[in-house]
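Biologist: I am new to this model and would like to know what stands behind each label. Please set each value against its cut-off.

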Amino acid sequence: MKSMVVNLGVKNINETVAYYQDTLGFVLLTAVDKNKEGFDTLNEDKDYLWAMMSNQAVSIMFQRVESLQEDIGDFFNTLGASLTLYIDVENVDEWYNTIKDKVTIYKDIYTTWYGQKEFYIQDINGYILGFASQAEA
């Protein structure tokens, strides 16, 4: 195996890209519209099927549910918290303070029994993202 990038089913590519850019600092790498053309920026007038974004070493793909079902079948009925994305950050306290007023906090910041300091948010599609770093002793 060489790498893994999660591909999340979403309702609307434009809204999802805007959310991840504006609240979590992700950058759009590429997007594909319904004509299967690729773009590195989004146009509000276009109907997008898929996008890939990154924030440093973290990459996520987003695919509109209808397109995803065409590709691999109708394997789910709802979007959201059937999984969590666990993201390691440099300073979880700093990251928490940066985004806490822009996101829906799912579980507030705390220190775990296994020595991580972490918190969880829920994105606009219902997915749960956890952010963590090693707790200071």
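Modeller: Contact here means heavy atoms within 4.5 Å. This is a predicted model. Helix H3 (residues 92-99) lies across E7, strand E8 (116-122) and E9, and H3 runs at about 25 degrees to E8.

Biologist: What makes E6 and E7 edge strands?

Modeller: Four strands form an open sheet in the order E6-E9-E8-E7, with mixed pairing. Strand E6 (84-88) and strand E7 (104-111) each pair on one side only, and that makes them the edge strands. The twist averages 15 degrees from one strand to the next.

Biologist: How do you know that E6 and E9 pair?

Modeller: Two strands pair if there are at least two bridges between them. E6 and strand E9 (residues 128-134) have five bridges, in the parallel sense, so they qualify.

Biologist: Which residues does Phe131 contact, beyond its neighbours within four places in sequence?

Modeller: Phe131 is in contact with Leu24, Ile87, Val89, Val92, Trp95, Ile99, Lys117, Glu118, Phe119 and Ile121. Phe131 also belongs to the largest nonpolar core, which has 28 residues. Tyr20, Leu24, Ile121, Leu129 and Phe131 touch the most other members of that core. Helix H1 (residues 13-24) gives the most to this core, with five residues. In soluble globular proteins, nonpolar side chains tend to be buried together.

Biologist: Why is Tyr20 called buried?

Modeller: Buried means under 20% relative accessible area. Tyr20 is at 0%, so Tyr20 counts as buried. Tyr19, at 10%, is under the cut-off and therefore buried too.

Biologist: Why is the pair of Tyr19 and Tyr20 called edge-to-face?

Modeller: Centres within 6.5 Å make a pair, and planes over 60 degrees apart make it edge-to-face. By this rule there are eight aromatic pairs. For Tyr19 and Tyr20 the centres are 5.4 Å apart and the planes are at 70 degrees, so the pair is edge-to-face. Tyr19 and Tyr20 form one aromatic cluster together with Phe26 and Phe62.

Biologist: What makes Phe39 and Tyr48 an edge-to-face pair?

Modeller: Their ring centres lie 6.2 Å apart and their planes stand at 90 degrees, so this pair is edge-to-face as well. Tyr48 has 2% relative accessibility and is therefore buried. Phe39 has 23%, which falls between the 20% and 50% cut-offs, so Phe39 is partly exposed.

Biologist: How do you know that the charged end of Lys107 sits over the ring of Tyr110?

Modeller: The distance limit is 6 Å from the ring centre, and the charged end of Lys107 is 4.2 Å from the centre of the Tyr110 ring.

Biologist: What is the order of the strands in the five-strand sheet?

Modeller: This open sheet has the order E1-E5-E4-E2-E3, and its pairing is mixed. Strand E1 (6-10) and strand E3 (38-39) are the edge strands, each pairing on one side only. Strand E2 (residues 27-33) and strand E4 (residues 48-55) run antiparallel and are joined by six bridges. Within them, Thr30 stands opposite Met52 in E4.

Biologist: Which strands does H1 touch where it packs on this sheet?

Modeller: H1 touches E1, E2, E4 and strand E5 (58-64), and its direction makes about 15 degrees with that of E4. Helix H2 (residues 65-72) also packs on the sheet, touching E1, E4 and E5. The direction of H2 makes about 90 degrees with that of E5.

Terms used: Residues are numbered from 1 along each chain as its sequence is written. This is a predicted model: local features need pLDDT of at least 70, side-chain atom pairs count only at pLDDT 80 or more; totals for chains, interfaces and linings use all residues. Side-chain values use heavy atoms; hydrogens and water are left out. Rings of Phe, Tyr and Trp (its six-membered ring) pair if their centres lie within 6.5 Å; planes under 30 degrees apart count as stacked, over 60 as edge-to-face and the rest as tilted. Buried means under 20% relative accessible area, exposed over 50%, partly exposed in between (1.4 Å probe, protein chains only). A charge sits over a ring if NZ of Lys or CZ of Arg is within 6 Å of the ring centre and within 35 degrees of the ring normal. A nonpolar core is a set of buried Ala, Val, Leu, Ile, Met, Phe, Trp, Tyr and Cys residues joined through side-chain atoms within 4.5 Å. Helices (H or I, at least four residues) and strands (E, at least two) are DSSP runs, numbered from the N terminus. Axes are lines fitted to C-alpha atoms, for helices over the stretch in contact, and angles run from 0 to 180 degrees between N-to-C directions.
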